[in-house]
Amino acid sequence: MTDTYAISPAGPRAAVNSGAGIWISSIEIAGRMIRKFARTPQLIFFTTTQSALFLLMFRFAFGGAIKTHGSLSYVDFMVPGFIASSIMWAGLGAATGVAEDVDHGFVDRLRSLPIPRVSVLTGRALADMVLVVWSLATATVFGFIVGFRLTGSVTDGLAAFGLCVVFGFAFEWCFILIGLLGGSAQAAQSMSLVMVPLIFLSSAYVPVQSMPQGVRQFGENQPLTPMVDAVRSLALGPQGHGLFAHSSGYYLGVSLAWTAGICVVIGLLAAWRFARR
Amino acid sequence: MTPILEARGLTKRYGKTQALAGLDLVASPGRVVALLGPNGAGKTTFVRAVATLLRPDAGTLHVDGIDALRNPARVRQVIGLAGQFAAVEEAMTGRENLVMVGRLFGLSRKQAKAAAVRVLDLMQLTGAGDRLVRTYSGGMRRRIDLGISLVGTPRLLLLDEPTTGLDPGSRIQLWDAIRNLVAAGTDILLTTQYLDEADRLASDIVIIDHGTVIASGTPAELKTLAGDDMIEVHARDADQLPAVAKVLGTIGHDPRIEVPTRRAYVPADDGSTRLMEAMRALDQQGIAIEDISLRRPTLDEVFLTLTGKPAQTTDSAEQPANV
C-alpha cells in the first residue's frame, strides 16, 4: 500500500488510490456515525426520554386497565415487550439520518470514493446497532426501576437481550430502506411512521388475544409479535407458563426466521435502491 | 497522450428534461478546464457522470483512459470530488474528516494522519484542524471540502461550483488554494457560473447550454468570441432611454435598452476612447445621466453573442449578471 501513496498530489502522474476494503470502509463510516451520536447529545437525550415516557405511561397510566394472564402482573408482562419494541424507536432516527446524508451530498462523496458501495450501508447499520444497544440498555434499566423483576434465569435474560439486538439489526434495514426512499429527512420521518402500528398492534404492550378479530390476526402474524414473545418467554421463565400458546423454542424459531427474511429481502432492496443511479 | 477526460455524445434525460444532449468534450492532461454555463445547462449532470454518480443514457466516457461506464470502480481510484454542497461531517473536526476519507482512499492510519497534516497546511486550516466543522465559516467549510478530495492522490479533481454562495474574500482564498493545486500539477475540471472565475483559474473554458457544448477555447479566444467591452449608461429618467440609445448607436453597433433598470448599453471596439466620445455626445445632447461605465461582457451577453438567445429566461437576460 505504501507505494501507492505520494506525499503530494503533485508529480506528473499521481498513483492510483487503492481504496479501502469493505471491512475498513464500514468501520470508518460507522466511526463517523458514532462520533455524530456522541457529539449530538439532543439525539441521545430524545431517544432516551421518549422511551422512558412510554414506559411510565403504560406502566402507570394505562397499565391498570390492561388484563394479563392469571397471576402475572402487568409490569412483568409489559417490560419485556417494551424493551423489545424499543428497537423500533431507536430505528426511527436512522431513516431520517440516511435521508439527510443522501440529501446533503454526504452519500455522493462516499459513492465517489474507491470503496465497495455497499459499505456505506453496512457502516450505517453497524453504527446504528450501537444506538440500538444503548436504547435497549436504557430501556432495561428503566424497566427494572419501574418494578420489573426477572423471573427466568439470568442466562435466559441475557439471551433475551441478545435477541433484541439481533431483531434490531433486522429492523435497521427497514429504516435504512425508508431513508433511501424518502428523499428528504422530513419525508423519511413521515414514512417511517408506517412502522409505528407494528409496535402497538403487537403483543408488546397488550396481549394480542384482547384485540378484535382482524387486528388480532395482523398482530399475531407480524414479525414483532413472535420477537416480543420470544423475549418475553425467556425473561419470564416458568412464571410465563400458560401465557403462551407455544414453547420458547417455537417463538425463537419463528422470530429468527422473520429476522433472516427481513435482513435478506429488505437488505437486498436497500442495496438495490442504493446502487441505482 | 491519453486525454484525462474524453466524453463523446453523452446524453442523459430526467423525465422531460434533457440534461445532457450529446455532449462532446476532450481534455488533455496538464490543463484546467472550466465548464461554464447557466443553471440547468447540464454542468452538474456532467460532473456527476464523470464522478460515476450517475449513468448516462448513451455515449461514451473515458477518464484517464478508463471506460467510466464499464469500469466505474477504477475511475473512482483516480478522481477526487468536491461538491457544490460541502458534504463534510459537521460533528467531526476537520482533521477527523480528512483522516476518515484518507482511510477510505486506502491509506494506512499513519499515512492518513500524515495526509491530513499536509492537506490542512495546504488549505491553510492547520489552526482550525481540531475544531468541529460545525464551528467553521462558509469559506473554511469549502476549503475543508476541497481538502477532503485531496487526501487521496486524484489525477482528476472535479470541483462543482466551488465558490457559489461565498463572500468575495473567501472566494479569493479558495481561488488561491485551487491555483496552488494547479501549480502542483493536478488536472482539474471545475464548473462555474462566473466568467471571471473561469477566466482566473482555467486554461480552457467550455461553455455549455442545454446539455451541449456551444463554444470552447482559451479564455482569450472566448473573449474575442464574446465581443468587445460594453459601454453602459444608467439614465436618470426612463423616458430618455431612446435618446441615450440613439447616441450610443453612433458609438457602437446595436445598442440595447433595459427599461426596468433604466440602462442602455452598446459594445465598443476601443473601450476607453469610445467612452469619452459617448460622454461628450450625451453632454452635447443635454441628456442627464446617473452613471456611465465601461465593463466586460457578462456571461449573459456572451450567450447572447454565441447563441443569439438569452442565457436563461427572458427575465434574467434583461438584468446584467454581476460578473
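Helices (H or I, at least four residues) and strands (E, at least two) are DSSP runs, numbered from the N terminus. What you see is a predicted model, in which local features need pLDDT of at least 70 and side-chain atom pairs count only at pLDDT 80 or more, while totals for chains, interfaces and linings use all residues. Residues are numbered from 1 along each chain as its sequence is written, and chains are lettered from A and ligands numbered from 1 in the order in which they are written.

Is Asp209(B) buried or exposed? Asp209(B) is buried because 22 other C-beta atoms lie within 10 Å. The term buried asks for 20 or more other C-beta atoms within 10 Å of a residue's own, exposed for 12 or fewer, and partly exposed covers what is in between, with C-beta atoms placed from the backbone.

Now look at strand 7 (residues 156–160) of chain B, where five of five residues are buried. Leu156(B), Leu158(B) and Asp160(B) are on one side, Leu157(B) and Leu159(B) are on the other, and both faces are covered. Strands of a sheet pair through backbone hydrogen bonds, either parallel or antiparallel. Two strands count as paired if DSSP finds at least two bridges between them. Strand 7 of chain B runs parallel to strand 6 (residues 79–82) of chain B, joined by four bridges, and parallel to strand 8 (residues 187–192) of chain B, joined by five bridges. Follow Leu157(B) to see both pairings: Gly80(B) stands opposite Leu157(B), and in strand 8 of chain B its bridge partner is Ile188(B). Together with helix 6 (residues 168–184) of chain B, strands 7 and 8 of chain B make a right-handed β-α-β unit; right-handed means that, with the strands pointing away from the viewer, the path from the first strand over the helix to the second runs clockwise.

Further along chain B, four strands form an open antiparallel sheet in the order 12-13-11-14. Its edges are strand 12 (256–258) and strand 14 (289–295) of chain B, each pairing on one side only. The twist averages 20° from one strand to the next. Strand 12 of chain B meets strand 13 (residues 263–268) of chain B over three antiparallel bridges, with Ile257(B) opposite Ala264(B). Helix 9 (residues 241–251) of chain B packs on this sheet, touching strand 11 (229–235), strand 12 and strand 13 of chain B, and its direction makes about 5° with that of strand 13 of chain B. Such angles run from 0 to 180 degrees between N-to-C directions, with axes fitted as lines to C-alpha atoms, for helices over the stretch in contact.

Chain A is built of 11 helices and zero strands. Its C-alpha atoms fill a box of roughly 80 × 35 × 35 Å, taken along the principal axes, and buried residues make up 45% of its 277 residues.

Finally, the two chains meet: 37 residues of chain A are in contact with 36 residues of chain B, where contact means C-beta atoms, placed from the backbone, within 7 Å. Helix 1 of chain A gives the most to the side of chain A that touches chain B, with eight residues.
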